[in-house]
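Work through the exercises below with the sequence and the 3D structure at hand. Each task is followed by a solution in steps.

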Amino acid sequence: MPAPVPPASGEEFSRAGVQRYAQQWAGAMARLGFVPMSSAETERLLGVHVVRLARALLAEPFSADPADDVGRALVGAHFTDPAMLDWSVRALGTGFAHAVLPEQPDSPAVRHRIGRLQGGLAAGFARALRELTFSQQERISRSAWQARDETEQALRDSEARFRAVFSGAALGIGIADTAGRIIDLNQVFAEMLGYAVDELRDRQVTEFCHPEDVGPLAELYQELVEGKREAARVEKRYHRKDGSVVWTDLALSLIRHDDGRPRFVVAMVEDITQRYELQQRLRFQALHDPLTGLPNRTLFFDRLAAVFADGKPADRVGLCFLDLDGFKAINDSLGHDLGDRLLGVVAQRLAASVSARGHLVARMGGDEFVILVEQSGGPDEVIEVAEAALATVAEPVQVGDQQLEVSASIGLVEGTLADTCPADLMKAADATLYWAKADGRGRWAVYDAERGARDNARAGLAAVLPAALERGEFIVDYQPIVAMTDGSLRAVEALVRWRHPELGLLGPDQFIGLAEETGLIIRLGRWVLHQACAYGSRWRREFPDSRLVVSVNLAVRQANDPGVVDMVAEVLRDTGFPAELLQLEITESAVMATGGEPVRSLRRLAALGVRLAIDDFGTGYSNLAYLRRLPIHSLKLAAPFVEGIRSGDALAQVDERIVDALVRLAHALGLSVTAEAVETARQAERLQALNCDTGQGLFYGAPVAADVITARLRETDQGRAG
């Protein structure tokens, strides 16, 4: 049963609302029929009845008897015109709660009680009319000899008034016995079902119910008869004579004999078919994509949540997250209108090929679609669904006068409900979709937990990178770069490390890429440059004869930053480090990816006096002719060439010839050459024989702290003095 109505504060209902409602009621009575009293008297009388109804609405326990009394009182006050009852019943259902109970007029409990009060008012009015009629009949019978004609006329008038109330109401009204047999009904109710009144009398109410509602309605009827309910209000479907369905707002009230035995049930019925259909249309629009007609993300997530809520831990579920490849280019080149039409065609194809298998296809937004495979039979079934989706998307699409060929990438996730949750399932599918795109597009990829864990770890590192820089978790080590001829220290390369509080010391290969992706490389690179130049200034002041060059890597994003030259100049001023002792290393691919145009930033850096070196030379374009047009001072040979000459086999001889050619060409261009990754004496010997200028690698020393470089410089300085 509906919950009790919680009491309001103060007087429990609005006194101002009561007064307004009484004024409206009195005005309606005056308009609708004869009122045997003044307007002030009418308003005072009806005000008393409004208060009774308001108190009945809030009473615990609730009873509709006061409404019955009010209905009887209306007849007793000679407000017996059928239109008066019609207005009173309708106004009680539409405006009463808003007037006297503004805090909660539309709560289910209030609506339930209002329905019972409506039934009680109508029943009391009807009973009072009947009692009035019977009373008149009794008086007439006792004085028949005095006014037989008047008595007969009064009886006819009374019956006419009662019938006018019953048949003239705007709502459908039906009366049935306790077994559900229709005793009587008005024309409105009959027309609502498409029958004549006589066709419905003596038939069972359940004959016209929708099959799904027969059981619940019979149960509700039984509860009324057994006294478990005095009234009820529900939405029910009925079959019309032509087979169509009408939705109704049904209010049922039980009428009892004077001794309390159930007598009959009064039903007041309102046709709400249009309102229901509107609600259904609005619900469809809320849960479906307006462009494609597919279920939208809201409906998809509702369905996914239901899978986990209703399924067993051992049940399996699969997900295909699909994204069209290159759809933005289609929108940009051919227009959004054509792109929308393309999405419509793709959606229709997916619905035809995948929905036919019983799987939900939804549009997540943009050019993203998702396929939910409930009760999956395993990864193979989900792969089969994905391949079918890829095949249908790949078919040429004719949109207007354009024939388009598109492909899609799909991320697949499949497993038991016990091993995941909706959020993790979507997160895994999204990550796997990007794996598929990264692997070449037009394909599917299956979620790999280990790869996902690695990606999550990378994402975790990326998230804490800014805070790590603020907390001072980064350090700079320096690797010696020595002359190949005598092994003297010529330069050091500054290499950043991350002293992670949980993961320990991380090398640049573990976070530099993340810093570039997130843009933090600009701040981090400036910090490294400042640290390196600050130590370079100390070494220069303490060991002026060393002329030690400090080499710092310049990331691609830094090289492309318009403010890189100003940043370098500012750091040099702040640290007092000479520009000619600073070397910036730039990867070959960063230098060459300029379409043949000179790199203005490199020329401005060279104008400052900064040395420029190409790092990892030989792994990219290896365009020496282009390099001669740039202000480059040095080349650093890529590690694979140097590693290749470690052994004496035939392949090592090939690498030697390559290194020899590169050194000769570099020297011809006036560039010095540094060999990286020198780890053995044989490599050092061969590189020296090939006239390589400087070397760097574990053979000459691993990256160490600045203090270690200071000690090495001090030893060298003392050696010169001795």
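**Exercise 1.** Decide whether Arg 316 is buried, partly exposed or exposed in this predicted model, and find its charged partner.

Solution. Step 1: take the relative accessibility of Arg 316, which is 30%. Step 2: compare this with the cut-offs; buried means under 20% and exposed means over 50%. Step 3: Arg 316 therefore counts as partly exposed, because its 30% falls in between. Step 4: look for the partner; the side chain of Arg 316 forms a salt bridge with that of Glu 414, at 2.7 Å from N to O. Arg 316 belongs to strand S6 and Glu 414 to strand S11, and the two are 98 residues apart, so that the pair links distant parts of the chain.

**Exercise 2.** Describe helix H16 by its length, its buried residues and its surroundings.

Solution. Step 1: H16 covers residues 422-438, which is 17 residues. Step 2: from first to last C-alpha the helix reaches 25 Å, close to the 24 Å expected at 1.5 Å a residue. Step 3: list the buried residues of H16; among them are Leu 425, Met 426, Ala 429, Leu 433, Trp 435 and Lys 437. Step 4: find what these buried residues pack against. The partners include helices H12 (297-310) and H17 (449-470), and also strands S6 (316-324) and S11 (408-416). Step 5: look past the end of the helix; H16 is followed by Gly 440, with a positive phi near 135°.

**Exercise 3.** Which residue forms a salt bridge with Lys 437, and is the pair buried or exposed?

Solution. Step 1: the side chain of Lys 437 meets that of Asp 325 in a salt bridge, with 2.7 Å from N to O. Step 2: the pair links distant parts of the chain, since Lys 437 lies in helix H16 and Asp 325 in the loop between S6 and helix H13 (327-334), 112 residues apart. Step 3: both Lys 437 and Asp 325 are buried.

**Exercise 4.** Compare the accessibility of Arg 526 and Glu 570, and state how they are joined.

Solution. Step 1: the two side chains meet in a salt bridge at 3.1 Å, N to O. Step 2: Arg 526 is in helix H19 (residues 521-542) and Glu 570 in helix H21 (residues 564-575), 44 residues apart. Step 3: Arg 526 has 26% relative accessibility and is partly exposed. Step 4: Glu 570 is partly exposed too, with 33%. Step 5: elsewhere, salt bridges with shared partners join Glu 493, Glu 585, Lys 636 and Glu 676 into one network.

**Exercise 5.** What does the side chain of Arg 113 reach, and how is Arg 113 covered?

Solution. Step 1: locate Arg 113 in helix H6 (residues 108-142). Step 2: its relative accessible area is 5%, so Arg 113 is buried. Step 3: its side chain reaches the backbone oxygen of Leu 57 at 2.8 Å.

**Exercise 6.** Which residues make the nonpolar surface patch that includes Val 654?

Solution. Step 1: Val 654 is part of helix H26 (residues 650-668). Step 2: Val 654 is partly exposed, with a relative accessible area of 34%. Step 3: together with Leu 651 and Ile 658, Val 654 makes a nonpolar patch of about 240 Å². Step 4: an α-helix has 3.6 residues a turn, so residues three or four places apart point the same way.

Conventions: Residues numbered from 1 in each chain as written. Predicted model: local features only at pLDDT ≥ 70, side-chain atom pairs only at ≥ 80, totals over all residues. Heavy atoms only, no water. Patch = residues over 30% accessible without salt bridge, like charges linked within 9 Å, V, L, I, M, F, W, Y side chains within 5 Å. Areas by Shrake-Rupley, 256 points an atom, 1.4 Å probe, with all protein chains shown as cover. Salt bridge = Lys/Arg side-chain N within 4 Å of Asp/Glu carboxyl O. Helix = DSSP H or I, 4+ residues; strand = E, 2+ residues; numbered from the N terminus. Buried < 20%, exposed > 50% of the residue type's maximum accessible area, 1.4 Å probe, protein only. Expected span 1.5 Å × (residues − 1). Contact = heavy atoms within 4.5 Å. Polar contact = N/O pair within 3.5 Å; in protein donor to acceptor, adjacent residues only side chain to side chain.
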